[in-house]
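Subject: Structure for your review

Dear colleague,

Please find below the structure that I am handing over to you. My findings follow it.

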Amino acid sequence: MPGEAAAVELVAASKKYREGAALQPTNLVVQRGQVHALVGLNGTGKTTLLRLVLGITAPTAGRVLVRGVDVARMKPAGWAGVGHLIDTPLVYPELTVQANLQIAGRLSGLGLGSGRAAARRLAEELLLTKWWTRRARTLSLGNRQRLGIAAALVADPDVMVLDEPTNALDPAGTVLVRRMLLERVRETGASVLVSSHHLDEVARIADQITVINSGRIIGTLAPDGIDLERRFFNLVNADVEANQRQANP
Ligand SMILES: Nc1ncnc2c1ncn2[C@@H]1O[C@H](COP(=O)(O)OP(=O)(O)O)[C@@H](O)[C@H]1O
Ligand SMILES: [Mg+2]
């Protein structure tokens, strides 16, 4: 039943491009009310996995479900509750901060009045009101990132899919976004699937940490912060060595 299904589930979902496999058949469950972090080095398949979850790209095989619904058949109302930030923030460069946030709200199903109010609230929360009437393309990289996060959260999504959301943020922005995500998870039971290569950062917010390497999930890390970096590299190095042995037996 969709009401009880996991926030996100991949069932043997894979992605192959002409150039090669970006994601091997992968199983992953993001429980409701949890922050689930995906960590891995550059080029290991994090963004590919998140793009599959958002239906931006279709799996070569397997299935991807959000709240129990196959994303291939998800209706617009279902997507309205999914906040997302992938790669570079999806904002309209020629539009102002205000217009971007209002449009993001409308696209997520908010009415005109509530969309305006939510846009203002998120701009205040992310300290963007100073740039309210500035075109997005004239913002600094960090403020564009803040705008992308504000747009992702403007309609109070119950599922958030965020690709390296604290990239380009200053330490104050990083702390702010961490607090915003945890608040939403605690207060509304929302779920977060977030990718990162900042292990310390992830340890502070994640309930579950999944490690990905060479397009495969290779293990999990307990998010207690103890020796996280060493445990991460133990997993990754063991995987690299196993792959090398397989290639040169
Ligand atoms: N559209 C694409 N066409 C071909 N290869 C791709 C495409 N997108 C990603 N890849 C490849 O898939 C692998 C994983 O990429 P990606 O998911 O972006 O990694 P990450 O986000 O962990 O840095 C990389 O080898 C990348 O070159
Ligand atoms: Mg990426």
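Helices here are DSSP runs of H or I with at least four residues, numbered from the N terminus. Glu187 has its place in one of them, helix H6. Please note that the model is a predicted one.

Glu187 counts as exposed because it has 9 C-beta neighbours inside 10 Å, and the cut-off for an exposed residue is 12 or fewer. From Glu187 to Ser214 the separation is 27 residues in sequence and 36 Å in space, C-alpha to C-alpha.

Helix H5 (residues 141–153) deserves a separate paragraph. The 13 residues of H5 reach 19 Å from the first C-alpha to the last, close to the 18 Å expected at 1.5 Å a residue. H5 is largely enclosed by the rest of the structure, because 11 of its 13 residues are buried. Among the buried residues are Asn143, Arg144, Gln145 and Arg146, as well as Leu147, Ile149 and Leu153. The cover over the buried residues of H5 includes strands E6 (82–85) and E7 (159–163), together with helices H3 (97–107), H4 (112–125) and H6 (171–188).

As to the hydrophobic interior, nonpolar side chains tend to be buried together in soluble globular proteins. In this model the largest nonpolar core has 64 residues, and those with the most contacts inside it are Val53, Leu101, Leu122, Ala150, Val154, Val161 and Leu193. H5 gives the most to this core, contributing six residues. Domain 1 (32–46 + 164–249) and domain 2 (88–157) each supply at least three residues to the core. Leaving aside residues up to four places away in sequence, Leu101 touches Ala119, Leu122, Ala123, Ala150, Ala151 and Val154.

The protein is divided into these two domains, domain 1 and domain 2. Their centres, taken over C-alpha atoms, are separated by 26 Å. Contact between them involves 11 residues of domain 1 and 10 residues of domain 2. On the side of domain 1 that touches domain 2, seven residues are nonpolar, three are polar and one is charged.

Finally, I turn to the ligand. Which residues are around ligand 1? They are Tyr17, Glu19, Ala22, Gly40, Asn42, Gly43, Thr44, Gly45, Lys46, Thr47 and Thr48. By class, this shell divides into two nonpolar, seven polar and two charged residues. Helix H1 (residues 46–53) provides the largest share of the shell, three residues.

With kind regards

Methods. Residues numbered from 1 in each chain as written. Chains lettered and ligands numbered in written order. Predicted model: local features only at pLDDT ≥ 70, side-chain atom pairs only at ≥ 80, totals over all residues. Near = placed C-beta within 6 Å. Helix = DSSP H or I, 4+ residues; strand = E, 2+ residues; numbered from the N terminus. Nonpolar A, V, L, I, M, F, W, Y, C, P; charged D, E, K, R; others polar. Expected span 1.5 Å × (residues − 1). Buried ≥ 20, exposed ≤ 12 C-beta atoms within 10 Å, placed from the backbone. Contact = placed C-beta atoms within 7 Å. Core = buried A, V, L, I, M, F, W, Y, C linked by C-beta atoms within 7 Å. Domains from an automatic or database assignment.
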